[in-house]
Structures are given as C-alpha cells and as structure tokens.
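Me: I would like to go through this model with you, one topic at a time. Please keep the answers plain.

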Amino acid sequence: NETVLTFANNINNVDGGTHGQGFKVALTRTINNYARKAGIIKDKDPVPTGEDLREGLIAIVSVKLPTPTFNNQPKEKLLNPEVEEFVAGAVGEALKNWMEEHPADAKRL
C-alpha cells in the first residue's frame with residue numbers, strides 16, 4: 001500500500017492532482033536513475049515501476065498557490081499544470097542530493 005496525501009492551500013485533495021503526480025514522477029525517475037548510476041540496476045534488468053517503488057510509502061505533498069484550479073467544488077483534485085513540473089523538480093533535486101549524501105541508505109531504499 002501507499003499513502004500519499006495531497007493538499008493545495010491547506011485543502012485536502014483526496015483525488016490528488018498535478019502536485020501528487022509531480023511527486024510520483026520525481027520519486028520514480030530519481031530512484032531509478034540513482035540505481036542505474038550506482039550499478040544496482042543493470043542495463044538488461046527490468047526497471048522498477050512507480051508502484052513498485054512506492055510500496056509502503058507514506059508521504060504528504062502540500063503546495064501553496066495564488067490561484068489554484070480544482071476539478072469541482074469539493075476541490076478533490078488540483079488541476080494546475082505548472083505545479084507538476086515544479087513539484088517534480090523540487091522533489092527530484094532534494095531526493096537526488098539526499099541519496100548522494102547517504103549512499104548506504106539510498107542502496108537500501
């Protein structure tokens with residue numbers, strides 16, 4: 001199971017949205033890139049999917065926007081497309097730096 005809670009302007013977006021998607025993309029891309037670079041995954045090996053990598057994960061993704069766009073009045077899903085790229089960039093860079101600074105923990109991950 002994975003638990004990814006997403007919030008935009010302190011509003012719980014139960015269906016996620018672009019911020020949740022950006023987080024998931026960055027997590028998958030960064031871990032797979034690190035695993036290739038560290039020799040954990042070889043060229044011929046199958047690449048773990050996002051679902052594989054998020055198994056057991058608990059995360060909270062919260063963004064603050066001046067003009068959020070939601071799918072409906074209950075605000076279940078954030079739709080701002082620019083947020084996905086921003087979250088992916090921020091999460092990817094921070095996770096990459098952490099993995100490089102903590103190689104033993106990164107290999108266990």
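Me: Which exposed residues does the face of helix 3 turned away from its buried side carry?

Reply: That face of helix 3 carries the exposed residues Glu 85, Phe 86, Glu 93 and Glu 101. Exposed means over 50% relative accessible area, buried under 20%, and partly exposed in between, with a 1.4 Å probe and protein chains only. Helices (H or I, at least four residues) and strands (E, at least two) are DSSP runs, numbered from the N terminus.

Me: Before going on, what are the ground rules for the model and the numbering?

Reply: This is a predicted model, in which local features need pLDDT of at least 70 and side-chain atom pairs count only at pLDDT 80 or more, while totals for chains, interfaces and linings use all residues. Residues are numbered from 1 along each chain as its sequence is written, and side-chain values use heavy atoms, with hydrogens and water left out.

Me: Which residues of helix 3 are buried?

Reply: Val 83, Val 87, Ala 88, Gly 92, Leu 95 and Met 99 are buried in helix 3. Seen down the axis of helix 3, the buried residues fall within an arc of 145°, so they line one face of the helix. The arc is that of the directions from the helix axis to the C-beta atoms.

Me: Why would residues three or four places apart point the same way?

Reply: An α-helix has 3.6 residues a turn, so residues at that spacing point the same way.

Me: What covers that buried side of helix 3?

Reply: The cover includes helix 1, strand 3 and helix 4 (103–108); contact means heavy atoms within 4.5 Å.

Me: And what does helix 3 reach from its first C-alpha to its last?

Reply: Helix 3 (residues 81–101) has 21 residues and reaches 31 Å, close to the 30 Å expected at 1.5 Å a residue. The expected span is 1.5 Å times one less than the number of residues.

Me: How do the axes of helix 1 and helix 3 cross?

Reply: Their axes come within 7 Å and cross at roughly 35°. Axes are lines fitted to C-alpha atoms, for helices over the stretch in contact, and angles run from 0 to 180 degrees between N-to-C directions. Among the residues making the contact are Phe 23, Ala 26 and Tyr 34 of helix 1 and Val 87, Val 91 and Leu 95 of helix 3.

Me: What about Thr 18, buried or exposed?

Reply: Thr 18, also found in helix 1, counts as buried at 12% relative accessibility. Not counting residues up to four places away in sequence, Thr 18 touches Leu 78, Leu 79, Asn 80, Pro 81, Val 83 and Glu 84.

Me: Changing topic: what is the strand order in the sheet?

Reply: The open sheet of three strands has the order 2-1-3, with mixed pairing. The edge strands are strand 2 (11–12) and strand 3 (58–63), each pairing on one side only. Two strands pair if DSSP finds at least two bridges between them.

Me: In which sense do strand 1 and strand 2 pair?

Reply: Strand 1 (residues 3–8) and strand 2 pair in the antiparallel sense over two bridges, and Ile 11 in strand 2 is the bridge partner of Ala 8.

Me: Where does helix 1 lie?

Reply: Helix 1 (residues 18–37) lies across strand 1 and strand 3, running at about 135° to strand 1.
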